[in-house]
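Trainee: I'm new to this one, could you walk me through it?
Mentor: Gladly, let's open it and take your questions in turn.

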Amino acid sequence: MSRTDDDHAEIEASRAPLMDHLIELRGRLVVCVVAFAVAFFFSFYFAAPLQIFLIKPFQAAAALHAVAQANGGHGGNPLDLIAVTLGIMPVPEGGQSTVELIATAPLEQLFTKMKIAGFGAVVLAFPVLAWQLYRFVAPGLYRNEKGAFLPFLFASPILFCLGGALVYFVMLPFVMWFSLSQQISAGGITVALMTKISEYLNLVTSLMLAFGLCFQLPVVTTLLGMAGIISSKAMAEGRRYAIVAVVVVAAIVTPPDPISQIMLAVPLVLLYEISIWCVRVIELRKRKEDAAEGLAV
């Protein structure tokens with residue numbers, strides 16, 4: 001019996017009536033809801049420390065901007081900004097040590113904490129949600145598909161965290177520093193940046209979500225390659241267009257300075273190159289499996 005026949009026999013053995021599948025689906029949905037609820041209340045309990053943690057890049061940007069203004073300059077050292085955000089360099093003397101954000105509605109802070117808790121719940125509960133989804137669809141997968149699908153359950157959250165880290169330690173400080181540099185104080189007229197806590201944290205979560213999803217590029221392309229929808233040859237031939245698209249996206253979502261644009265474009269280009277190699281490995285593995293299957297038959 002060939003490997004394909006074994007896979008078909010395994011799937012046939014796992015068949016169950018529709019009602020059994022619905023009961024299983026209900027049970028797994030209950031587990032997902034409970035996991036999300038536990039993660040939500042856990043995140044809400046630590047909502048205040050989470051807000052402080054997410055405001056730290058703003059504090060680093062404000063400190064470096066205050067130093068630049070005190071020295072009569074309009075620029076800043078990008079490496080210093082990243083180093084202060086990472087905590088490996090202290091805030092320079094003369095830097096602003098406190099950052100004030102405002103809330104303009106009575107329940108704005110409460111709703112902001114709830115949004116932060118919801119975002120945190122999705123991140124914390126993702127392993128449980130992904131595992132329940134995998135366990136539900138696993139009986140309908142071939143043995144080789146099960147083995148190929150499992151690594152993505154681990155790679156996806158890691159790549160998402162890498163995208164979030166890029167936002168927190170690189171993009172967010174530059175965005176806030178650029179926003180602070182747009183303030184005006186001349187001729188008796190002052191235009192000061194008074195940031196609402198809800199709008200700031202909406203910006204943080206939106207950027208982290210966008211970058212986290214962009215960093216799923218290797219996962220998505222590898223799955224498409226496994227399905228035979230795309231090939232490494234087509235991706236390599238379209239490299240020039242992909243790089244142009246990456247540069248355009250970087251120019252749109254980042255402040256108008258070349259440093260921050262490069263900091264986004266370079267990782268995305270590298271991820272595209274990694275995606276090509278991932279698809280190429282999948283294609284080589286498929287050829288070997290097809291050759292072995294042909295010999296077995």
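Trainee: Does Tyr45 count as buried or exposed?
Mentor: Tyr45 counts as exposed because its relative accessibility is 66%; buried means under 20% relative accessible area, exposed over 50% and partly exposed in between, with a 1.4 Å probe and protein chains only. Keep in mind that this is a predicted model, where local features need pLDDT of at least 70, side-chain atom pairs count only at pLDDT 80 or more, and totals for chains, interfaces and linings use all residues. Residues are numbered from 1 along each chain as its sequence is written, and side-chain values use heavy atoms, leaving out hydrogens and water.

Trainee: And how many aromatic pairs are there?
Mentor: The count comes to eight aromatic pairs, where rings of Phe, Tyr and Trp (its six-membered ring) pair if their centres lie within 6.5 Å, and planes under 30 degrees apart count as stacked, over 60 as edge-to-face and the rest as tilted. The rings of Tyr45 and Phe46 have centres 4.9 Å apart and planes at 85°, so they are edge-to-face.

Trainee: Which residues do ring pairs link into a cluster?
Mentor: Phe36, Phe40, Phe41 and Phe44 are linked that way.

Trainee: Switching topic, where does Leu271 lie?
Mentor: Leu271 lies in helix H11, residues 258-296 (helices, H or I of at least four residues, are DSSP runs numbered from the N terminus), and at 8% relative accessibility Leu271 counts as buried.

Trainee: What does Leu271 touch?
Mentor: Not counting residues up to four places away in sequence, Leu271 touches Cys214, Phe215, Leu217 and Pro218, contact meaning heavy atoms within 4.5 Å. Leu271 and Cys214 are 57 residues apart in sequence, yet 9.3 Å apart in space, C-alpha to C-alpha.

Key:
Helix = DSSP H or I, 4+ residues; strand = E, 2+ residues; numbered from the N terminus.
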